[in-house]
Amino acid sequence: MWYHRLSHLQSRLQDLLKGGVICQALPQPTFKSLLPLAVRWHHTASKSLTCAWQQHEDHFELKYANTVMRFDYVWLRDHCRSASCYNSKTHQRSLDTASVDLCIKPKTIHLDETTLFFTWPDGHVTKYDLNWLVKNSYEGQKQKVIQPRILWNAEIYQQAQVPSVDCQSFLETKEGLKKFLQNFLLYGIAFVENVPPTREHTEKLAERISLIRETIYGRMWYFTSDFSRGDTAYTKLALDRHTDTTYFQEPCGIQVFHCLKHEGTGGRTLLVDGFYAAQQVLQKAPEEFELLSKVPLKHEYIEDVGECHNHMIGIGPVLNIYPWNKELYLIRYNNYDRAVINTVPYDVVHRWYIAHRTLTIELRRPENEFWVKLKPGRVLFIDNWRVLHGRECFTGYRQLCGCYLTRDDVLNTARLLGLQA
Ligand SMILES: C[N+](C)(C)CCCC[C@H](N)C(=O)O
Ligand SMILES: O=C(O)CCC(=O)C(=O)O
Ligand SMILES: [Fe+2]
């Protein structure tokens, strides 16, 4: 009985997935093809800018600018930019999408120069500029990356001779800030030079590009190897490459490091481009890359030291990719903080360990390691969603200050300066 009900539910679900909402079929799709627009609309336009469109029973097909696009009719109604549907001042939708008939189809479609007009059954007219459609279609978007990057190993990074930005130019000029952000977005790391070695100045730099993300470690943190917290960062031990705060549901976007003092030996910082390593895995073993992007993992931080009592858990795969273009946007890699794996059965676990090993081998290749000694006055910004950091063990007194930044707000600043982010 129970089984019967379950399979009944499953078949209902399958019906829904197939398109359980039954729409009335149009007798025949109407096909209209137009003469090359190039003649009419731009003498500089190439001959390839011809437009052809076809009204299918359940979607609209458009060929324009070498792109074949397919649009759902509800989508076309939903994205209407008319004054009653869209507030162009605030860029917000006024239309209640739930009021759109899921079986909606345009009554008429026509093209005038570069604008398509859809007249809906209730008489409402939606206008679309052809270039807007190309830019905003799935097919157009799929060919684009959300964020352009230059993946690097030590040699690539050093050869690129990425310039550091001077503190004053960073704080006081748009050009300095833009140059810094451009490099930061491309490489996932960037330096600011000649910064007075104080907590306050480090904070000022951070606030120039983002909002400081206050965490269980505080707003600005300031640490020595004093064992004040229940984490190996607060010791003199070496730390293998990792990303931070993997045990947050959303790991911190950016990490800022400023070494204010070091009287002793060792303590160099290790940087590894996690996306470069992941790219190698994708090329060598695509099915392992896929597994690393699918298996959800827990990371955990349990602390019970002095006044500090914390228990954080973050869940997500090692590699996080956008499903529509497979672009990698976040790597969550910290073998110290990885918690018990209990989200997948044993056979998947074994395949996951193999994939994790492949990635680890790439991350550990000496040619992928970029080592720097942090010095007072030189502030390092690390994209904690992409670049792994580690440190060599050290002796003596070492003071490190810094903070985390919210990633959204760094990208916000970058976009306002005209950068693609
Ligand atoms: C000291 N500081 C606040 C920078 C980081 C401490 C966090 C260390 C932790 N194991 C992690 O990787 O998230
Ligand atoms: O001490 C260092 O250089 C970095 C330690 C570390 O990994 C961290 O604070 O996140
Ligand atoms: Fe760390």
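Student: Which strand does tyrosine 397 lie in?

Tutor: Tyrosine 397 lies in strand E24, residues 397-405. Strands here are DSSP runs of at least two residues, numbered from the N terminus. The model is predicted, so local features need pLDDT of at least 70 and side-chain atom pairs count only at pLDDT 80 or more, while totals for chains, interfaces and linings use all residues. Residues are numbered from 1 along each chain as its sequence is written, chains are lettered from A and ligands numbered from 1 in the order written, and side-chain values use heavy atoms, without hydrogens or water.

Student: Is tyrosine 397 buried, partly exposed or exposed, and which residues does tyrosine 397 touch?

Tutor: Tyrosine 397 has 37% relative accessibility, so it counts as partly exposed (buried is under 20%, exposed over 50%, partly exposed in between, with a 1.4 Å probe and protein chains only). Leaving out residues up to four places away in sequence, tyrosine 397 touches Thr224, Lys261, His262 and Glu263; contact means heavy atoms within 4.5 Å.

Student: How about threonine 108: which strand holds it?

Tutor: Threonine 108 lies in strand E7, residues 108-112. At 39% relative accessibility, threonine 108 is partly exposed. With residues up to four places away set aside, threonine 108 touches Phe117, Phe118 and Thr119. Its C-alpha atom is 7.2 Å from that of tryptophan 120, 12 residues apart along the chain.

Student: Which protein donors does the iron ion (ligand 3) have?

Tutor: Donors are N, O and S atoms within 2.8 Å of the metal (3.2 Å for Na, K and Ca), and sites may look incomplete since water is not among the atoms. For the iron ion (ligand 3), they are His242 (NE2), Asp244 (OD) and His389 (NE2), lying 2.1 Å from it. Histidine 242 lies in strand E14 (residues 239-242) and histidine 389 in strand E23 (residues 387-391), so the pair ties together parts 147 residues apart in sequence. Histidine 242 and histidine 389 are both buried.

Note on methods. Helix = DSSP H or I, 4+ residues; strand = E, 2+ residues; numbered from the N terminus.
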